[in-house]
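I opened my notebook to look up a few things in this structure.

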Amino acid sequence: MDSAIATTQAEQGIAEQQHEHVSVPQHRHHFATPEQQREAGSFGMWLFLLTEIMFFGGLFFAYLLFRNWYYDAFVTASNQLSVPLGAVNTAILISSGFFMALAVWAAEVRKKSLLVLFLVLTTLFGFAFLGIKADEYHEKFEKHHIPGASFDTSQFINPAAYGLSEKPLAPDAAQKTQLFFFLYFAMTGMHALHMVLGLGILFWLMIRAQRGDFSSGYVAPIENFGLYWHFVDIVWIFLFPLLYLINRHPLAH
Amino acid sequence: MSAPSPTILNLPDQSTAQLPRRNFINAEHGLLSWLFTSDHKRIAILYLISITFFFFIGGAFAGLIRLELLTPQPDLVSSDTYNKFFTMHGIIMIFLFLVPSVPATLGNFLIPMMIGARDLAFPKINLLSWYLYVIGGTLTLTALVLGGVDTGWTFTAPLSTHYLNTHVITTASAIFVAGFSSIFTGLNFIVTIHRMRCPGMTWFRMPLFVWAHYAASILMVLGTPVVAIALVLVILERLVGIGVFDPTKGGDPLLFQHLFWFYSHPAVYIMILPGMGVISEVVSTFSRKRIFGYTAVAFSSVAIALFGFFVWEHHMFIMGVSNYSALIFSLLTMLVAVPSAIKIFNWCFTLQMGSITFETPMLYAFGFMGLFTIGGLTGVFLGSLGMDIQLTETYFIVAHFHFVMVGGMLMAFLAGVHFWWPKMTGRMYPESLSKLAAVVTFIGFILTFMPQFVLGYLGMPRRYHAYPPEFQVLNVLSTAGATILGIGYLMPMIYLAWSLKYGAIAGDNPWQATGLEWQTQSPPLTENFIEIPIMDHEAYDYDWLEHKTADEVTHVG
C-alpha cells in the first residue's frame, strides 16, 4: 500500500462488513460502526464514574480522618442516626437498582412496555428513598443537629437529661459532633443530589422509551444510565455502614 | 523503520498552492453555526479565541504586578489591591489559560485528525466543555468586577474560608465549573484515543502529541474531581460556617492542602505534557528525523502522569507534615525528573545528525528545551528538603514556576500555534516577523525571570508589594524584561490576525511533516478525511513521505 488515503482492498472489506450491521437511526456518522459508538459511549460512562469516585473520595477521606481524630464525638453523633430507617432505605435503593437492571434487560430484548414499567418502578423507589431521607433530615432539624448557628450540643454534653444512656462528652469534644453532622449532610446530600439528577434523567428516558426509541436495538442510553444508577447505589452501600453502623454502641432504649 | 539517517525533503512550492473551495471554515456561515457547532475544529477555534482573551487579561495583571514592583515603596496600589492582582493573575493564567491552552485548542483540533478519526467521540460534550469554560470565565470576571478576590490562586484555608471577606464563593464556583470543562475534555480524549483510531493506527504508531495528551487526560480525569470537592467544601464552609478546614473548630487546614495539591500538582503536568507533545512533533519535523527513542518518549509521558500523582506533598514541606513522609515525597519528586530528562535527551538525539531548519516553531521549541531544562532542574533543587526550606515562599519559587510554565508551556503553545497555523487557517504567518517575535519573547523571558532566581536566593519573599531597596536593581531588570515579553506576546497576536487575510496560501503540507493531519487539505474538511485513512507506516517515517505517491485525492472541488 502506497498511500494512507487511497481506497484499498482492505478498506473495502471493512466497508462491506459495516453494511452487515444493523443500522440504527441514532447512529452518529463520525463513528465507523454502531458497535464503535456503543463501546465509546459505555467507555465514556465508566470514565465519568471514575471521576465521580475521585469526587466522593475526597469526602470519604475527610470523614475517615476526622473519625480517627474525634472518635468519641463521631460515635456518639453516629448513634443519633436511625439504623432502621437507614436499613429500609438501603433495601429500597437496592430494589431501585434491581429494577434498573431489569430495565436494561427489557431494553435489550426490545420489550417496550416492560421497559417503561421497570423505569417507572426504578423512579418510584428512587423517590421513596429521597422521601425517607427527607424525613431523617427533618428529624435532625428538630433536634438542632443541623450544623451552623442553631447547632445545639446540649444533648451530647448531658445525654441523661434527654433520656439517652450515652457517655457524656466534654463541651469541646461535643462541638466535634458538629463536624460529624456536617460530613453526614455533605456526603448524603451529595449522594441525594446525584439521585435527584438521576431521577430527572429517568423521566426523560421514560418519555423516550414510551416513544419507542429503545425498542429497535438501540439501548446505549439505558445501559449507560444503568451504570450511573448502580454507581449511586454503590456510594450509598459505602455511606450506610460508615455513617450509621461502624462502632456503634449497643442500642439502648 | 529505516535507519535513523535524515531524509532530505524539499519544501513544496507554495506559489502554486490554492485554498480548497470547501473546508470546515466556509462549510457553514453565521455566528450561530459556530456557537452550535459540534465540529472539533470549530470548537478548537472557539477555545483559541477565548483563551487568548483570558491570556491577555491575565497578562495585564502580570504587567500591573511588575509595575508595582518597579520601586521598593508601595506606591502604585495598596497591599489589598496587590493581593487581588496576583490572585487574579494566577487564577486566570492557570485555570483559564494554561490548563486548557494546548489540549483544548491544538489537541481538540488535531487529535482526531492525527489518529484518522472524523471527530472526537463525544462532539456535543466537547461543545458543552467550551460552554462550561465560558461560564467559568464569566464567573471569574464577575468576581473581578465585583471587587476581586485575594486568597491567592491556592485558596489556602482557613484564610479563604474564614478570614477574607472578598468574592471567594464566586471564584471557587468559577473554578469548579471550569474544572468540569477540563474533565470533559480529558474524558473525550481518552475515549477517542482508545476507540476511534483508524485501521492500522496502533498505539505505537500514534504521534507523540497524542501520547502526551493521553497522559495529560488521565490526570485531568482523576485529579480535577478532587479539587472540585475541595472547593465545594470551601464554599460550604463559608456558607454554613462549619470547620472542616478551620483548626479553631477542630478542622484541619492540612486536609485542604492535601486535597488541593492532589489536583494542583498533577495540574502542572496537565499543563506541560501537551506542550511536550507539541515539541516532539516540531523537533521531528524540522530535523526530518524520526523521534529518537519513540517508545521511551511515549512511556515517559505516562510515567510523568503516574509519578505526578505521588509528589503533591512537596508543596507542604514547611507546613508541619511528618519528616518521614517529607523524605519519601522528596525522593518521588526527584523521580519525576527522570522521565522529563528522557524527553529532553531524546529530543537532543533527534536533532543529532538531523537536517535541521530554523523555522519559527523550531525557534520556540529550542526556547522550550532550554528554559524547561532550567525550570526542571531548579525543581529538583526545590524538591530537596533543605533547599526547599530556604527557598520556599521566595521569588525562587516564582522564577522556577514561570520557567516551566511560561518558558516551557507558553513557548510550546506558541510553537504549536505557529506550526499548525497553516493547517488550521490555510495561510502562512509572516516568517521573518514571527522569528523576530520568538527571539524577542526569549530575551524578554530571560530578562524577566532570571533576576527572580537571584532575588529569591537572596531572600526576597513573594506576594509582597514592597521590598527592601537593595533588591531594586534586579526588580527593575525584571520589570524591563516583562515589558519586552509583553511585546513578544503582542506581536503574534497582531501578525497572526493579519495573516488570516493576507498570509501566503499554505498548501496541504507546507512543512513536509508526516502526521495524518498534514496529508489532507488545509484547512481541512468538516469530516476531516474524504475516506478514513489507513495507517500503513510508522509515525515520523520521512522515507514513506518521500515516496508517497503524488496523485492521491486530497481535495474536493
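I started with the largest cavity: by class, its lining has 10 nonpolar, four polar and no charged residues. Here Ala, Val, Leu, Ile, Met, Phe, Trp, Tyr, Cys and Pro count as nonpolar, Asp, Glu, Lys and Arg as charged, and the others, Gly among them, as polar. A cavity, on a 1 Å grid over the protein atoms alone, is a set of points where a 1.4 Å probe fits but cannot get out, and lining residues have an atom within 4 Å of a point.

A note on what I'm reading: this is a predicted model, where local features need pLDDT of at least 70 and side-chain atom pairs count only at pLDDT 80 or more, while totals for chains, interfaces and linings use all residues. Residues are numbered from 1 along each chain as its sequence is written, chains are lettered from A and ligands numbered from 1 in the order in which they are written, and side-chain values use heavy atoms, with hydrogens and water left out.

How many cavities of 30 Å³ or more does a search of the whole structure find? I got five. The largest cavity has a volume of about 110 Å³, a volume being the space filled by probe spheres set on the points, with grid points joined across faces, edges and corners. Its lining takes 14 residues, and nearest its centre I found Val99(B), Pro100(B), Ala178(B), Ser181(B) and Ser182(B). Two elements of chain B give two or more residues to this lining, α4 (101-114) and α7 (168-195). Helices are DSSP runs (H or I, at least four residues), numbered from the N terminus. The most comes from α7(B), with five residues.

The second largest cavity came out at about 90 Å³. It is also lined by 14 residues, including Pro207(B) and Tyr540(B) among those nearest its centre. I count seven nonpolar, three polar and four charged residues in that lining.

**Rings.** I looked up aromatic pairs next (rings of Phe, Tyr and Trp, the last by its six-membered ring, with centres within 6.5 Å; planes under 30 degrees apart are stacked, over 60 edge-to-face, the rest tilted). In one, Trp347(B) and Phe368(B) have ring centres 5.8 Å apart and planes at 75 degrees, so I wrote down edge-to-face. This pair joins α11 (residues 323-351) to α12 (residues 360-383) of chain B, 21 residues apart. Is Trp347(B) buried or exposed? Its relative accessible area is 0%, so it is buried (buried means under 20%, exposed over 50%, partly exposed in between, with a 1.4 Å probe and protein chains only). Phe368(B) is buried too, at 0%.

I also noted a cluster in chain A made of Phe129(A), Tyr137(A), Tyr184(A), Phe185(A), Trp236(A), Phe240(A) and Tyr244(A).

Then charges over rings (NZ of Lys or CZ of Arg within 6 Å of the ring centre and within 35 degrees of the ring normal). Lys176(A) lies over the face of Tyr70(A), 5.3 Å from the ring centre. Arg42(B) does this over Trp34(B), at 4.2 Å.

**Two single residues.** I found Asp39(B) in the loop between α1 (31-35) and α2 (40-68) of chain B. Asp39(B) counts as buried because its relative accessibility is 6%. Leaving out residues up to four places away in sequence, Asp39(B) touches Phe24(B), Asp119(B) and Thr526(B), contact meaning heavy atoms within 4.5 Å.

Gly126(A) sits in helix α5 (residues 112-142) of chain A, and at 0% it counts as buried.

Methods: On a 1 Å grid over the protein atoms alone, a cavity is a set of points where a 1.4 Å probe fits but cannot get out, and a pocket is an open set with protein on both sides within 12 Å along at least five of seven lines; lining residues have an atom within 4 Å of a point.
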